[in-house]
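Dear colleague,

Please find below the sequence and structure that I am handing over to you. My notes on what was found follow directly after.

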Amino acid sequence: MDWGTELWDQFEVIERHTQWGLDLLDRYVKFVKERTEVEQAYAKQLRSLVKKYLPKRPAKDDPEFKFSQQQSFVQILQEVNDFAGQRELVAENLSIRVCLELTKYSQEMKQERKMHFQEGRRAQQQLESGFKQLENSKRKFERDCREAEKAAQTAERLDQDINATKADVEKAKQQAHIRSHMAEESKNEYAAQLQRFNRDQAHFYFSQMPQIFDKLQDMDERRATHLGAGYGLLSEAELQVVPIIAKCLEGMKVAAAAVDSKNDSQVLIELHKSGFARPGDVEFEDFSQPMNRAPSDSSLGTPSDGRPELRGPARSSRAKRWPFSKKNKPRPPPLSRLGGPLPSPLPNGPPSPRSGLDPLAILSEISKSVKPRLASFRSLRGGRGTVVTEDFSHLPPEQQRKRLQQQLEDRNRELQKEVDQREALKKMKGVYEKTPQMGDPASLEPRIAETLNNIERLKLEVQKYEAWLAEAESRVLSNRGDSLSRHARPPDPPASAPPDSSSSNSESQDNKESSEEPPSEESQDTPIYTEFDEDFEEEPVSPIGHCVAIYHFEGSSEGTISMAEGEDLSLMEEDKGDGWTRVRRKQGGEGYVPTSYLRVTLN
């Protein structure tokens, strides 16, 4: 069944149907285009979301990346990013294979439909023109027949009239003959025109228009077939990315299963294990009786001005004993009206950092250690206020050992790379010497010399890091042993004060000193919980700079050290805001000197 046979009289219906088919094709193209925009916007939002939550630092510089939770989260973000890429691929395929192709095909269909309907309208106009000519010839034949009949009646009437002349009768007969001849010609013309019109009409309805309708039918069927293929492309574009999307989803499942809580706990230990020894037991100090002790009797000494002072381990362990407390800094010295420190009572500089208070003031100072304090000079310089040294002595022992080991491995890799490069250059030089046309052997000498210098430099660095690593490992081992020994020793019971104030105080002090185990030099140098309070760090292993004495200073107070004008000193600890700097003399000995008496240069 075809349109030319069954719909020969439905020209307007076929015209509306074909136009509806093209409109449907255009609507589908518009739908796919908007679908493409949705996919592109979805992919763009997914990529923005992934970029927002991806770590900003590289994985090798991010300590959090060592945790399986963070690794899984980053993997999920990467899978989501790949998923967004597949959505972009879907949008691209739909845009190229559906939108562009169907739009081009729709334009071709419109041109073809226009051509067919123009051909049909021309045939219809020709048929209408033939019908008009038929009508004209019919009307002329009808008019000529009436006139011929009228002329014949006039001639017959004059022939019967006795009063009419012979000339009038002949004239009327002649006129009737003429009219009769004209009517005969009109009849013949009408018959010929009718025959022509019938032939054209049969050709129009049985041949010409059916062919046009068949062409329109073929065009419409091809359009429908192409549109159906376009419908299939919509699902095909999705099916192409389904395997990769399935891999993305499977990767997310693998990332979820890769979370290892036990391993993360172990990683946290490896990252932040300090290696410090646990703090020792707090000693009982009796302040109920007057204290008249020599400066070197215990940790509470009495300097020359008669006031006790807090020094050494007591000063360090007081703030480091509580690992969960806030980081507190010592109270700054009082300021004068001009903003500077008050005039020093000593002739050579500011008050000694070792000068203390009476026992009640010491207890008050300890209780005030949790109050907010002004940031020290080291804190204002950046970070946590810790001076970064090349041997990583600013870090806890365990972290120092790990960093040194990492640096040593990096130097060994660089050294091996330089050695391999030097061997390659030597082989290349040998080839150039055997075959001079390949190159000049002398051109390789600078590079060989450069690699040799790099090898020597790296060897020195390897030796330096090996020495530092051995020292750090010994510190870690000593801290572990000291911690175990402290933990195993039971705490000493506090001694009660006897009635006699002077003699009993001296005896109790002697008993305490005899019962106390003198801490080893290594354990005194070992800091406790430096990551919780940078203001109470122990001495670094190596100097952090050097300084030159601008003025002469006589260290008369305990904790200070004398220096001569122009003397070179090693900087061991910066000024923490109290006006004193810790230095070491080349002849030996360490102590504090006024910061204003020095010209300091940091490493």
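A residue is called buried here when its relative accessible area is under 20%, and exposed when that area is over 50%. Please keep in mind that the model is predicted.

By that cut-off, four of the five residues of strand β6 are buried, so the strand is largely enclosed by the rest of the structure. Strand β6 belongs to an open sheet of five strands, arranged in the order β6-β5-β4-β3-β7 with antiparallel pairing. Its edge strands are β6 (590-594) and β7 (598-602), each of which pairs on one side only. On average, and with direction ignored, neighbouring strands of the sheet are turned by 40° against each other.

Strand β5 (residues 580-585) runs antiparallel to β6, and five bridges join the two. One of the paired positions is R584, whose bridge partner in β6 is E590. The hairpin formed by β5 and β6 has four residues between the strands, and in this hairpin G588 takes a positive phi near 110°.

Strand β3 (residues 545-549) deserves a paragraph of its own. Four of the five residues of β3 are buried, so this strand, too, is largely enclosed by the rest of the structure. With strand β4 (residues 568-573), β3 pairs in the antiparallel sense over four bridges. Within that pairing, V548 has D568 in β4 as its bridge partner. With β7, β3 pairs in the antiparallel sense over five bridges. Here G545 has L602 of β7 as its bridge partner, and H546 stands opposite T601 in β7. As a general point for reading such positions, the side chains of a regular strand alternate between the two faces of the sheet.

The segment after β7 contains N603. This residue is exposed, because its relative accessible area is 72%. N603 and P543 are 60 residues apart in sequence, yet their C-alpha atoms are 8.5 Å apart in space.

I turn next to the helices. Two packed helices are described by the angle between their axes and the distance between the axes. For helix α3 (residues 68-160) and helix α4 (residues 166-257), the angle is about 175° and the axes lie 6 Å apart. That angle makes α3 roughly antiparallel to α4, because angles over 145 degrees count as such. Sorted by class, the contact of α3 with α4 has 46 nonpolar, 21 polar and 24 charged residues.

Helix α4 itself has 92 residues. From its first C-alpha to its last it reaches 133 Å, close to the 136 Å expected at 1.5 Å a residue. Along its course, α4 bends by about 45° at F204.

F392 lies in the loop between α8 (377-380) and α9 (397-434). Is F392 buried or exposed? F392 is buried, because its relative accessible area is 8%, which falls under the 20% cut-off. Its phi is near 60°, a positive value in a residue other than glycine.

With kind regards

Key: Residues numbered from 1 in each chain as written. Predicted model: local features only at pLDDT ≥ 70, side-chain atom pairs only at ≥ 80, totals over all residues. Heavy atoms only, no water. Axes fitted to C-alpha atoms, helices over the stretch in contact; angles between N-to-C directions. Parallel < 35°, antiparallel > 145°, perpendicular 65-115°, else oblique. Nonpolar A, V, L, I, M, F, W, Y, C, P; charged D, E, K, R; others polar. Pairing = 2+ DSSP bridges. Expected span 1.5 Å × (residues − 1). Bend = angle between axes of the 7 residues up to and from the residue. Buried < 20%, exposed > 50% of the residue type's maximum accessible area, 1.4 Å probe, protein only.
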